[in-house]
Amino acid sequence: MSFISNLIGGLSLGSIYALIALGYTMVYGIAKMLNFAHGDIIMVGAFTIFTAASSLGGNPFVAILCGLVTCVILGVLTEKIAYKPLRGSSPLAVLITAIGVSYFLQSVALLIFGSTQRPFPKLFSLSPIRIGKDLVIKGESIVTLGVTLVIMAGIMLLINKTKIGKAMLAVSEDKGAAQLMGVNVNRTISITFAIGSALAAVAGLFYGLTYNFIGPYTGSMPGIKAFVAAVFGGIGSIPGAMIGGILLGVIENLSKGYISTELSDGIVFAVLILVLLIKPTGLLGKKIAEKV
Amino acid sequence: MALLTVEHLQVNYGVIKAIKDVSFEVNQGEIIALIGANGAGKTTTLHTITGLLQARAGRITFDGVDLMKTPPHKIVSMGIAHVPEGRRIFQQLSVYDNLRLGAYTRSNPREIADSLASVYDRFPRLKERRNQIAGTLSGGEQQMLAMSRALMSRPKIMLMDEPSMGLSPLLVSEVFDIIREINEDGTTVLLVEQNAKKALSIADRAYVLETGRITLSGPAVDLLHNDQVKKAYLGE
Ligand SMILES: Nc1ncnc2c1ncn2[C@@H]1O[C@H](COP(=O)(O)OP(=O)(O)O)[C@@H](O)[C@H]1O
Ligand SMILES: [Mg+2]
């Protein structure tokens, strides 16, 4: 029975990674850049919800909405101010800028909230679910997993069935050709950053609900793990990010449960290296299309 | 008044002056050929018209509107379609998705469906393969798809950049037949080609581009018999 609760804990942790990895992979696909500040958007989301919940009368949905809006604005502004001017310059310059943005966000949070961890508000009173004699599943896990699955389905529908989704796919393959179709490339990139940042806000919410404490560096480890998950699933691939995130969470949690808590991160990275050795493009990485 | 007018165009890549002084005009209903050797600046000229590149100086006017002041994504809805060099179809999307992206600026579903039906009529191969990933099409089919995708925007003018590149002689003739048909259906055509003979044989008028300047222009039949053109571009 403890295997099942470990597994469900892993699925829920993996959901958080998957939400972050989706943002990583969508931004990579469309802007061809690794947005290393993406993890810190989670932290901003969590702190915004924290602040809004304690100052706006405690309506959880208003607090979450504040987190979403703040992250979306932050993500879109970051792209416009920091990344867009560098479009077309060397990938290294963009990468270093993203790392700079990451430190900037952490420092601002440090100035406002200090370095001590803050307790994340209990926004919902979720009772654990008891199945049989000794299987207990945390309510947060079920909500995290359920909401993530709904979001994933929504993203898949958006990408594959809507006009803006097709525009995103077109821009990610060939910006110039997309522009020749009349696609507004800048707007499409902004929308992608907005979606990625909204997902990061949701991840920040679930992170806070799961771990109960947040601090200025809250985003960095999940950010790195989610980046690993995106590479693991095949960077640029949306289903890859979903599967990669979930698998990573499950591997991490099972390693913690059965092998060692200290080694669990090491095991996660070992699995990544193994996958990349066997399939360098990641689990669902795209084949390079053959030119005729 | 001409449909498309380019006046004293200059375009640079950094310090490289790719287009030094290019002027030409395209009238409603014409097929205009722009011929010239590799590196003469043909692609650069087309890219500047459709906003993929910024001009350094000069004027581009379409239907009386200053194109240089028009945001690139609005140029398509004015009635300009561009079939780019190397086709640049969306390799990872289906044939159908490529065609739908061609109609990106249009909103009436009935009219879009009509355009799709007429494309499928003209190119039954594309209809058969509508759900296939476009990257798996043959070179000839990809060229048909690129032209169809451009037609889906219902353009007043089509800019075509070396549509015959890399195709077998049989397919080259087919492509030129299609260009003539598109023109007969009322679409103005600006055709860039290295295959000068074929291009001149279907064009009304033509311009010769040499290292960023127009050096010769006139009715296509005259250029076909011009000694200079014969020597430099027709291999005679
Ligand atoms: N991206 C680029 N960067 C620098 N120079 C370029 C670039 N593209 C084209 N050029 C140069 O501009 C000139 C014109 O090129 P192009 O317009 O592609 O010619 P054409 O289409 O007639 O073969 C050439 O000298 C070419 O080397
Ligand atoms: Mg060219």
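Predicted model: local features only at pLDDT ≥ 70, side-chain atom pairs only at ≥ 80, totals over all residues.
Biologist: Why is B:Thr43 called buried?

Modeller: Buried means under 20% relative accessible area, exposed over 50%, and partly exposed in between (1.4 Å probe, protein chains only). B:Thr43 has 19%, so it is buried. B:Glu85, at 33%, is therefore partly exposed.

Biologist: Is B:Thr61 buried or exposed?

Modeller: B:Thr61, in strand S4 (residues 57-62) of chain B, has a relative accessible area of 12% and is therefore buried. Leaving aside residues up to four places away in sequence, B:Thr61 touches B:Leu3, B:Leu4, B:Thr5, B:Glu7 and B:Asp66; contact means heavy atoms within 4.5 Å.

Biologist: Why does A:Val228 count as buried?

Modeller: A:Val228 is at 4% relative accessibility, so it counts as buried. This residue lies in helix H9 (residues 220-233) of chain A. Beyond residues up to four places away in sequence, A:Val228 touches A:Leu248, A:Phe269 and A:Leu272.

Biologist: How do you know that chain B is as compact as a globular protein of that length?

Modeller: Chain B has 10 helices and 10 strands. Its radius of gyration is 17 Å, close to the 18 Å that the globule rule gives for 236 residues, so the chain is as compact as a globular protein of that length. The radius is taken over C-alpha atoms, and the rule is 2.2 Å times the number of residues to the power 0.38. Of the 236 residues, 54% count as buried.

Biologist: Which conventions apply to the model and its numbering?

Modeller: Residues are numbered from 1 along each chain as its sequence is written, while chains are lettered from A and ligands numbered from 1 in the order in which they are written. Local features need pLDDT of at least 70, side-chain atom pairs count only at pLDDT 80 or more, and totals for chains, interfaces and linings use all residues, while side-chain values use heavy atoms, with hydrogens and water left out.

Methods:
Helix = DSSP H or I, 4+ residues; strand = E, 2+ residues; numbered from the N terminus.
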